[in-house]
Amino acid sequence: MSSYAYTLLIPLIPFFVFVFVGMAEDKLKGKLGGLIGTTGLGIATFLSYYTAFKYFISDHVAGTGYTSLKAFEITWLHLTDKLTINLGVLIDPISVMMLVVITTVSFMVHIYSLGYMEGEKGFARFYAFLSLFSFSMLGLVLATNLFQMYIFWELVGVSSFLLIGYYYEKPSAFSAAKKAFIVTRFADLGFLIGILILSFNTGTFDFKELTNPHGVAIASMGGAAFMGLSVITWALIFIFIGGAGKSAMFPLHIWLPDAMEGPTPVSALIHAATMVVAGVYLVARLFPVYSQTGPAALEVVAWVGAFTSLFAAVIATTQTDIKRVLAFSTMSQIGYMMLSLGVSKYGGEDGLGFMASNFHLFTHAMFKALLFLGAGAVIHAVHSNDMNDMGGLRKYLPITHITFLIACLTIAGIPPFSGFFSKDEILSAAFESNKILFGIEYFVAGLTAFYMFRLYYNIFWGHDRHYHHTPHEAPLVMTVPLMILAFGSIFSGFLPFHNLVTSDGLAFESHIDWMIAVPSILVGVLGIAVATVMYKKENALPDKVAASFSFFYRWAFKKFYVDEFYLFVTKKIIFNYISRPVAWFDRHIVDGTMNGIANLIVFVSFNIKGLQSGRVQQYAFVFVGGVVALVLIFVYLA
Amino acid sequence: MNILTLFVVIPVLTVAGILFTKDLKQSRLVSAVGMTVQLILSAILVYLYVTERQAGNMAPMLFTFDALWFPALNIHYAVGVDGISVAMIALTGVVVFAGIFASWKMEFLSREFFISLILLATGVFGFFISLDLFTMFLFYEIAVIPMYLLIGIWGSGPKEYSAMKLTLMLMGGSALLMVGILGIYFYSVPTGGQLTFNVLEIAKHKIPIEMQRFLFPFTFVGFGILGALFPFHTWSPDGHASAPTAVSMLHAGVLMKLGGYGAFRVAIFLMPEAAHEQAWIFIILTSISVVYGAFGAIFQKDLKYINAYSSVSHCGLVLFAGGDGGAELLLGAAQFGFHAAVLEVLALAVTHPAFG
């Protein structure tokens, strides 16, 4: 038990709020449920900031590295003397960073929803689920071992399901929730297999033992090989499949755009800032294992990340639903983080990619939550998700406009906003490792600037549309979180991440490499310039461009038909060609045999039951006949 | 009185109590009280069991009690529990308790309904505590008969068909089982001496391997039918779909577990060599159950059929572990039992307007 034991409260407070608000849902009138939830999360946020201060500053001895420590641990299941499943709280740089990210965004979303969800049916239920999600996500990042992480991983999936399906009376929301759950659950199967292989080979679930670079776990790895890769590498690839499912990496990304059916604050919290980065966190958590024993697995991570970032960015340029544009943008940015982890090595300056990934995770959480909440304010004003229904809103929504612009500049990588710094670190890390990946990311940086400003101009510039009523700025309870997050987006780039969150806990020197930064700024500016020409004033240019790429444009607009492919496999092949025959076989052949046996018995007994007629004459007749027959047989045989 | 005997006595007393009730309100109250006591008793049993084990008592069975009740065939009322049975008893306690509340508004012939339901529970509890094969078999039959009435009278859809099908197929299983159990009895003490039905006694002596080869399929398939072993599972989807919700809960959550438990306690425990030799056949059959049940479930449109096929699939998994070795088996069974019961309640929440 250490002086950090109080950190146990950080996940537990939202849990108790969930239980209380969930149980008393019907009795909490008006906004009471929301206020309870917000207060609870406020306390958790305060504790998280205090923990960050204590861990990074006041308890830190200058010149030493940051170590990981267990604030709390109990044995939950005692399987054998060597293998136990524990529950606990792990404090180390990345978990403390995640605490800050999750509680900040969650707290902002809690406040924002007081305005956004006002008057919705099931207001208290919304807050109960939001608290459940916060509890699960905090439990996930604080997990001391793989198994605990897996438990909370599933809990996060459930709460995401519940929140996407919040408007469960709407068929599209319901099927989106189902889709998200099924796809991520399918990916989690990979995670589970990976956990089993890894723990079977190392004999432990514990992160501290697993990731200790000089510990037994890493030393005992290697060993048996399968298809040219070691078993541990396979385990890590399987674990990454789980991470890829939650983080919406290609080809397991199909649930994320649909998940936008959930309320917008939920999209900001779960599908932009926290849950979708769980996959990044998972790889970062096991990073020493990845880099020491499975470089091939890291390569997979890097290429999947790079491909997804490109793929999603291309789709984002064609979508018209503003939340879907943001969803694809999220995928693209998470691709950046994965790539960055994938190109990183362990320790010192070689661990630049690791640091950059976490740095980008942090800044991305701020600006993407801001973008989503800003989009929410826009949707709140015009009652539509489609950018064709928007235009000229800068006059009506000044605060939303300014904060949205800040977020767009941040994601486009314009200095001095935070996105510039974190993206620059990622590009440097990629440059040192693989020039092709670096090239892809450069291109994606330009695309990002383009599609974000396409979005921005379409919403805030151009002509007014026919609005049902004059759009009005959101209430203060919604705009204050926007301002706070805008503040975070601007200034979080100045945090000294290279001193705080590094692969081995030791600080290293990092500076901006202008050889890389200047071209990246230029690419960003170019993207913005193109978007300005095409979208600032309505003109025929976008349609012409779309027409000249018509084939490719249609593909991208249809998200490259990945959904259709999955539907084809599941509906056509599995459902029609496997399940239907199996069900038919079961009903008609297997059950038919059983019924056939029964019918045969009925048939036989029906036909012989006439013999039991009850007429004595008939019995006597058969009796005599039988005797005669027997006598004859005996006579002849004798 | 031995604590385990209470597990049979309390349901019987509850049934007796329900006989004196007049309407739904009274009979459900009596049932709820009885099953609450039973649930508390299960919790106490778990507690006692854990304390006893931690105190270092490593006897194979705890809380044993033995009384001869039919000397001519040396049939005993012998009870005792190990960790597996304790887990199953706790599971049954929870599921039956929840089942009472799931049938809170059973207006039609409510007294008879609760009597049958609790009689079914009596059989299940008795089955899990028994150490004597004959007594175990007796309790097994006690559990199956009320099932017929519960589905046939309070069911829905083609209930007579389903009830008859379920009963006939389970009785077919019982017939195989009867052969198996009598065979075990006659070869229980190959060296000569008093024959016995007691599981622990039989395990001490070895049944000759030639007889094991013959008897193992009888017992394993006999219990396997109850555990929805492919291709003898078709009673299960129809039975599930037609049964009232509380019965589906007991059915999927507990009754099908009798199959897995029996396969482990009798077939595998008493005839390990034959189990090892013939494992491959049953591994193939149970693997088919797992995959086949899952694919069957995908195609169903009726929620209860989906549940039923998923039960086939999961019970297949339980029996699969049995074919493979054993210890995981009952852990799986306990988990699944809970799982299935929860699913049944969910199905109820959707299908039963009075509930939602």
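## Confidence

pLDDT is the predictor's confidence in each residue, on a scale from 0 to 100. That matters here, since this is a predicted model. For the complex, the predictor reports an ipTM of 0.73 and a pTM of 0.80.

Chain B comes out with an average pLDDT of 81, and 90% of its residues score at least 70.

## Chain B at a glance

Chain B has 13 helices and two strands. Of its 356 residues, 56% count as buried. Take the contacts in chain B with a separation of 6 or more: 75% of them link residues 24 or more positions apart.

## Where the chains touch

Chain A brings 10 residues to the contact and chain B brings seven. On chain B, the side touching chain A is made up of five nonpolar and two polar residues, with no charged ones.

## A buried helix in chain A

Now for helix α12 of chain A, which spans residues 278-285. Eight of its eight residues are buried, so the helix is largely enclosed by the rest of the structure. The buried set runs A278(A), G279(A), V280(A), Y281(A), L282(A), V283(A), A284(A) and R285(A).

Methods:
Residues numbered from 1 in each chain as written. Chains lettered and ligands numbered in written order. Predicted model: local features only at pLDDT ≥ 70, side-chain atom pairs only at ≥ 80, totals over all residues. Buried ≥ 20, exposed ≤ 12 C-beta atoms within 10 Å, placed from the backbone. Helix = DSSP H or I, 4+ residues; strand = E, 2+ residues; numbered from the N terminus. Contact = placed C-beta atoms within 7 Å. Nonpolar A, V, L, I, M, F, W, Y, C, P; charged D, E, K, R; others polar.
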